[in-house]
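Q: I have a structure open and would like to learn how to read its packing. Could you walk me through it?

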Amino acid sequence: MVPPNLVRLIYRNVRVNTDPASLVILLGLPAMYLIFFGYGFASVVAAGGSSGPYLSFLAPGMMAFQAVMAGTVGGSMLWADRRWGMLAQLLVGPFTRIEYLFGIMFTSLLFGLGGAAIMLALAIALLGVSTVPLGGGLVLFGAIALGSIFFGSLMLFISAHVKSNTAYNSIQVLLLFLISFASTVFYPFSTSLPYALQVLFAINPLTYIADTARNGYHGALTLTNGYEMAILAVETAVLLVLATRAYLRSDVSTE
Amino acid sequence: MLSPSRFPGGEPVISAERIRHSYDGRKFALDDVSFSVARGEVFGLLGRNGAGKSTLIKAMTTLIQPTSGTLRILGHDPRREGRKIRDRIGVVQQGESFEFASVETNLDLYGFLWRVPRTVRKQRVEALIDRFGLGEFRRRRSFDISGGQKRRVQVAREFMHDMDILFLDEPTLGLDVLMRRVLLDSIRSEVQRGLTVVFTTHNLEEADYLCDRIAVIEEGRIIALDTVDNLKRLYGGKKTIDLTVSASDAGRFFPALGAACGASASITTHGNAAVLLVEDPKEALVTIVGLSQRLGVQLEWLTIRQNTLEDVFLRSIAPPGGANGPS
């Protein structure tokens, strides 16, 4: 049986993007955050009077963080395919532009969900027995899936516009830093933060994903999480349309 | 050259009528281009850098849509039926393209993308590794091999799948002489089995060796289109004289030679070398030798030979009436 075009493209994307170097960045970095920050900051958080172990706070945050990492994978795939000529080569092959685009989006999604599952396994190994309820777990992975598409679209949008390798890498590093640290992945939102940071926290989609993932992980979902997901879904839809338009209009033939 | 008698009638697999394309809306990279290619034909596109060859390949392979004109590939309109066209063509683009994987994975993965069954892929990978001499670096990543090796992989990869038309945009760029011949012979053997090939190159010997017909493109327009022999006759019917003098004499000798030969020869000069296309080589030799004696110029090199495709090319793109133009 011949797999459909989209499946073939996803298989290809996974196969060429699962080299050891990429995996270290994709999974090793968040895993190290989980271990070093989880244990390193535990004493600080405990001194501040936290009621639970910091690791159990950080673990769902790092799972949510996989959505961002998945997005960077998507953007990097498009970037690398343009840089190394495979985009134009695939588009003179038996694929449409839309199939190629969705191939990247679904691959990002797979990386996001796969990475989150590995973070969950790591958290279980570090924390002992997991208490993730089934419903909460489904919401957790749903939020990460939506987040992967959001950040995948964002990075695709950027890679469709940016022409220089240095500029693309600089934007990616800056965004990764801003999105990660102006969110509730590593620490909870606090009104004691400077106002500008509070605004950044509030508009950062990763905050919504991390909050929902955390509450799902602990079986404490609230109506606010529902609103957060609804907003994220709308933002994702808008960004996906923008990214698709930008990509379809970009001239791959001049690469 | 392959025989043109292999294409008796039949629907052309490529037909272009008055194709124009502009990237910026001002200058036309393709301007009023019309031609057709028969099934099983090897069609060469010759032209200088930026003449429009690659743009034409991109239009035929659906990467860009012509601004105007009618283009049919295998009976399909690239605007509406791009997918049907791409299903049946192979393309070796001018630029590098490879996966971040080993050489053999590059081949296998490409076959997979083209829906080639696993067992067939396995056989083809081995056959292509053997044919293109990829064995010694088959397990190395494409990033870690030389430019010429990458080019071999890129060309070999295209033979992983079946196709009706193969587009090759300067496929021998960076290949050594041996590999160039391997590639050209591979193409010839596929052509014998019915493959149609559209081929751009700077190497005129290759075009002479491989092509049934050639279109010379200059500034987006086809300025000559015929079989290689007819082009030689059209632009020749003449002999070529190659001539070299010392660098210090070139400045006074070549203008005097041009004046002495008049309309009976066309002269193209490059530094201290000149190429003359002449009707009567004996008469031209008398003129050259007499003039060199009169001016006290030492002739360093003087030969008479048959016209080559290079002569045709140089003559066809030379500006009419220019200093080095055809007479």
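**Reading cores, spaces and the interface**

A: Start with the largest nonpolar core, which has 93 residues; B:Ile14 and B:Met60 touch the most other members. H4(A) gives the largest share of this core, 17 residues. A second, separate core has 39 residues, among them B:Leu107, B:Phe137, B:Ala156 and B:Phe313. Keep in mind that this is a predicted model: local features need pLDDT of at least 70 and side-chain atom pairs count only at pLDDT 80 or more, while totals for chains, interfaces and linings use all residues. Residues are numbered from 1 along each chain as its sequence is written, chains are lettered from A and ligands numbered from 1 in the order in which they are written, and side-chain values use heavy atoms, with hydrogens and water left out.

Q: Which residues is B:Ile14 in contact with, leaving aside its neighbours within four places in sequence?

A: Contact means heavy atoms within 4.5 Å. On that basis, the partners of B:Ile14 beyond four places in sequence are B:Phe35, B:Ser36, B:Val37, B:Met60, B:Arg72, B:Ile73, B:Ile165, B:Phe167 and B:Val198.

Q: Is B:Arg157 buried or exposed?

A: B:Arg157 counts as buried because its relative accessibility is 1%. B:Arg157 lies in helix H5 (residues 147-158) of chain B; helices (H or I, at least four residues) and strands (E, at least two) are DSSP runs, numbered from the N terminus. Leaving aside neighbours within four places in sequence, B:Arg157 is in contact with A:Met86 and A:Gln89, and with B:Ser97, B:Phe98, B:Asn106, B:Leu107 and B:Tyr110.

Q: How do I read the area buried between chain A and chain B?

A: The size of an interface is often given as the accessible area lost when the parts come together. Buried area is that loss (1.4 Å probe), summed over both parts. Here it is about 2,500 Å², and carbon and sulfur atoms give 61% of it. A:Trp84, A:Gln89 and A:Val92 supply 26% of the area that chain A buries against chain B, more than any other three residues. The contact takes 27 residues from chain A and 29 residues from chain B.

Q: And how do I read empty space?

A: Rolling a probe the size of a water molecule over the atoms shows where empty space is left. On a 1 Å grid over the protein atoms alone, a cavity is a set of points where a 1.4 Å probe fits but cannot get out; a pocket is an open set with protein on both sides within 12 Å along at least five of seven lines, and lining residues have an atom within 4 Å of a point. Grid points are joined across faces, edges and corners, and a volume is the space filled by probe spheres set on the points.

Q: What volume does the largest pocket have?

A: The largest pocket has a volume of about 760 Å³. Of its 29 lining residues, A:Asn17, A:Ser22, A:Ser76, A:Met77 and A:Ala80 are the closest to its centre. H4(A) gives the largest share of this lining, eight residues.

Key: Core = buried A, V, L, I, M, F, W, Y, C linked by side-chain atoms within 4.5 Å. Buried < 20%, exposed > 50% of the residue type's maximum accessible area, 1.4 Å probe, protein only. Buried area = accessible area lost by both parts, 1.4 Å probe.
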